[in-house]
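Biologist: I have the sequence and the fold open side by side, and I would like to go through them with you step by step. Could we begin with the open spaces and then turn to the packing?

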Amino acid sequence: MSLKNVRLEVMQHLEKDVDHLIEKYLIPIEKIWQPTDFLPDSESDNFYDEVKEIRELSKELPYDFWVVLVGDMITEEALPSYESWLMDVEGVDQVGRNSWSKWVMHWTAEENRHGDVLNKYLYLSGRVNMREIEKTTQYLIADGFDIGTDRDPYKNFVYTSFQELATYISHNRVAKIAKEKGNKQLAKMCKIISGDEMRHHHAYSEFVERIFEVDPSQMMMAFHYMMKKKIAMPAHFLRESGDKIGTAFEEFSNTAQRIGVYTSADYVDILQKLIDRWDISNIKNLSDDAERARDYLMKLPARMLRLADRITIPENSYQFKWVEPARLK
């Protein structure tokens, strides 16, 4: 049987439990928070006072913080690309609407709120160039999305397990900085977004755990493939208007590292957490190739940490069109 057919068989085997996992990891629409819970009520007589408060508190936040918040928001706003990618994964039937496609749609619906609330907050803050941000968002969606997983569900689930934990770290760190600067509402907003990301991380990690139980060798090979190739961030094609694909991502990444929101050490830490979560060292019945893949994975964190220690981050802030220093004075 071909690898593709084996994966389809495994996905069909696991599908019977997906509805249960939706109930376990996703929150019903009537019970979950919505963006307006964290934003001024436009129907209220106090609306303008609340907007003024946002604008005043925003003055306490530094340039690099705004760059990271904008980059996080744009990443969340590119959700149409992520949904269309996952809908094309082997085993996800968007025509017949199987349980896997139901998961993707419900997960997307939860994630969609993140970009909404951050976008509206940035707009009300008056601290950023929304038109440039909107062009970057449109470019990111128009340029497409390629994370190197092809249509392979095993590789995609490794990617999403990793990436959801990375976004948890990023939003959680942004929340801490906002709180330190006295912006409690923004801190609360970013904190609750990070909570969503952690739930989603646990969900995708459980998908991988279940695959390890029925197809350990190929799941190990997929994990090895993704980590050897390295996890591409979802916004790795990020660019500003007039630039080429990907030109803005490196500077955005440098900014995030400079203020400690997401660092190369975090990347290594996530890898180690996945190795521990999936109990890689104790997986049984592996093929010879999968055993070699496991050996590679077990040694990888230490090797990557040595490399991370050598990375030098530029001290000076890059000038993004999204955030004009004159607006911050």
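Biologist: Which residues lie nearest the centre of the largest pocket?

Modeller: Please keep in mind that this is a predicted model. The largest pocket holds about 670 Å³ of space, and helix 11 (249-258) gives the most to its lining, with seven residues. Helix 4 (63-77), helix 8, helix 12 and helix 13 also each supply at least two residues of that lining. Of the 31 lining residues, those nearest the centre are M233, F249, S253, Y262 and Y267.

Biologist: Which helix gives the most to the lining of the largest cavity?

Modeller: The structure holds two cavities of 30 Å³ or more, and about 240 Å³ of space lies in the largest cavity. Its lining has 18 residues, of which Y82, W107, Q163, E164 and P234 are the closest to the centre. Helix 4, helix 5 (79-87), helix 6 (99-125) and helix 8 each give two or more residues to this lining, and the one that gives the most, with six residues, is helix 8.

Biologist: Which residues touch the most other members of the largest nonpolar core?

Modeller: This core has 106 residues, and its largest share, 12 residues, comes from helix 8 (residues 153-180). The core members that touch the most others are L69, W103 and F223.

Biologist: Is N172 buried or exposed?

Modeller: N172 lies in helix 8, and beyond its neighbours within four places in sequence it is in contact with K191 and S194. Its relative accessible area is 8%, and the cut-off for a buried residue is under 20%. Because 8% falls under that cut-off, N172 is buried.

Biologist: What do the buried residues of helix 10 pack against?

Modeller: The buried residues of helix 10 include P216, M220, F223, H224 and M227. The elements that the buried residues of helix 10 pack against are helix 1 (3-15), helix 8, helix 9 (184-214), helix 12 and helix 13.

Biologist: How far apart are the end C-alpha atoms of helix 13, and what span should its residues give?

Modeller: Helix 13 covers residues 288-308, and at 1.5 Å a residue its 21 residues should span 30 Å. The expected span uses one less than the number of residues. The distance between the end C-alpha atoms agrees with that expectation, at 30 Å.

Biologist: Where in helix 13 does the kink lie?

Modeller: The kink is of about 40° and comes shortly before the proline P301. Both L300 and P301 are among the buried residues of helix 13, and what covers those buried residues includes helix 10 (216-229) and helix 12 (264-277). The kink lies at L300.

Biologist: What separation do the C-alpha atoms of V10 and I147 have?

Modeller: V10 is found in helix 1 and counts as buried, at 8% relative accessibility. Not counting residues up to four places away in sequence, V10 touches Y154, I211, V214 and D215. V10 and I147 are 137 residues apart along the chain, and their C-alpha atoms are separated by 22 Å.

Key. Residues are numbered from 1 along each chain as its sequence is written. This is a predicted model: local features need pLDDT of at least 70, side-chain atom pairs count only at pLDDT 80 or more; totals for chains, interfaces and linings use all residues. Side-chain values use heavy atoms; hydrogens and water are left out. Helices (H or I, at least four residues) and strands (E, at least two) are DSSP runs, numbered from the N terminus. The bend at a residue is the angle between axes fitted to the seven residues ending there and the seven starting there. Buried means under 20% relative accessible area, exposed over 50%, partly exposed in between (1.4 Å probe, protein chains only). Contact means heavy atoms within 4.5 Å. A nonpolar core is a set of buried Ala, Val, Leu, Ile, Met, Phe, Trp, Tyr and Cys residues joined through side-chain atoms within 4.5 Å. On a 1 Å grid over the protein atoms alone, a cavity is a set of points where a 1.4 Å probe fits but cannot get out, and a pocket is an open set with protein on both sides within 12 Å along at least five of seven lines; lining residues have an atom within 4 Å of a point. Grid points are joined across faces, edges and corners, and a volume is the space filled by probe spheres set on the points.
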